[in-house]
Amino acid sequence: MTPDKDSPGSDKKTNMITLAAVLLLTVLAGGGGWLVGMVVGDQQSEVRMQSAMKDGQSSASSDAENDAEQSAQVGEQQIVTLAPITTNLNYPSDNWVRLEIALVLDGQADPSIAQAVHQDILAYVRTVSLQQIEGPRGFQHLRDDLTERAEIRSDGQVKSLLFRTFLIE
């Protein structure tokens with residue numbers, strides 16, 4: 001006599017085999033993910049250490065520089081990343097905004113221009129209400145206003161304004 005497919009012992013055996021297979025695959029996937037994470041993490045830390053050694057800095061000093069202004073040369077234009085701007089809005093005053101902005105400048109940037117633009121943006125954002133910057137149209141108006149102010153403050157050296165982060169809380 002052959003056992004029935006519908007017998008209770010056969011069902012338990014099939015369920016146990018399926019459960020064991022799922023557990024084995026879960027452990028293999030977790031181990032593979034951990035292994036890939038370790039390899040990629042090690043490669044990234046090596047790259048950071050090599051770039052820090054090239055620059056003659058420790059990783060602690062490079063972390064401190066992340067908060068300061070950074071710049072990069074792209075062709076004839078220079079991209080200057082401003083320090084993050086965090087301030088409250090004019091109305092409602094309990095709402096806060098955080099901006100991380102980069103400026104696209106023609107030629108070499110004067111650090112005083114970047115600082116003046118940073119302060120001008122900070123002063124302007126403090127006068128804005130939440131209703132003025134709501135939605136895509138409000139964001140576009142804010143972007144246009146800030147770009148225009150940056151161009152005026154820099155005597156035309158700033159060509160564009162790039163938003164890296166725009167957060168309202």
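Modeller: Aromatic rings of Phe, Tyr and Trp (its six-membered ring) pair if their centres lie within 6.5 Å; planes under 30 degrees apart count as stacked, over 60 as edge-to-face and the rest as tilted. The model above is predicted, so local features need pLDDT of at least 70 and side-chain atom pairs pLDDT 80 or more, while totals for chains, interfaces and linings use all residues. Residues are numbered from 1 along each chain as written, and side-chain values use heavy atoms, without hydrogens and water.

Biologist: How many aromatic pairs does this rule give, and which residues form a cluster?

Modeller: A pair is described by the distance of the ring centres and the angle of the planes. Here the count is three aromatic pairs, and ring pairs join Phe139, Phe163 and Phe166 into a cluster.

Biologist: What secondary structure does the protein chain have, and in which order do the elements run?

Modeller: The protein chain has four helices and five strands (DSSP runs, H or I of at least four residues and E of at least two, numbered from the N terminus). Starting at the N terminus, the order is α-α-β-β-β-β-α-α-β.

Biologist: At what angle do helices α3 and α4 pack, and which residues make the contact?

Modeller: Two packed helices are described by the angle between their axes and the distance between the axes. Helix α3 (residues 111-125) packs against helix α4 (residues 135-153) at about 140°, and their axes are 10 Å apart (lines fitted to C-alpha atoms over the stretch in contact, with angles from 0 to 180 degrees between N-to-C directions). In α3, Ala116, Val117, Asp120, Ile121 and Tyr124 make the contact; in α4, Leu142, Asp145, Leu146, Arg149, Ala150 and Arg153 do (heavy atoms within 4.5 Å).
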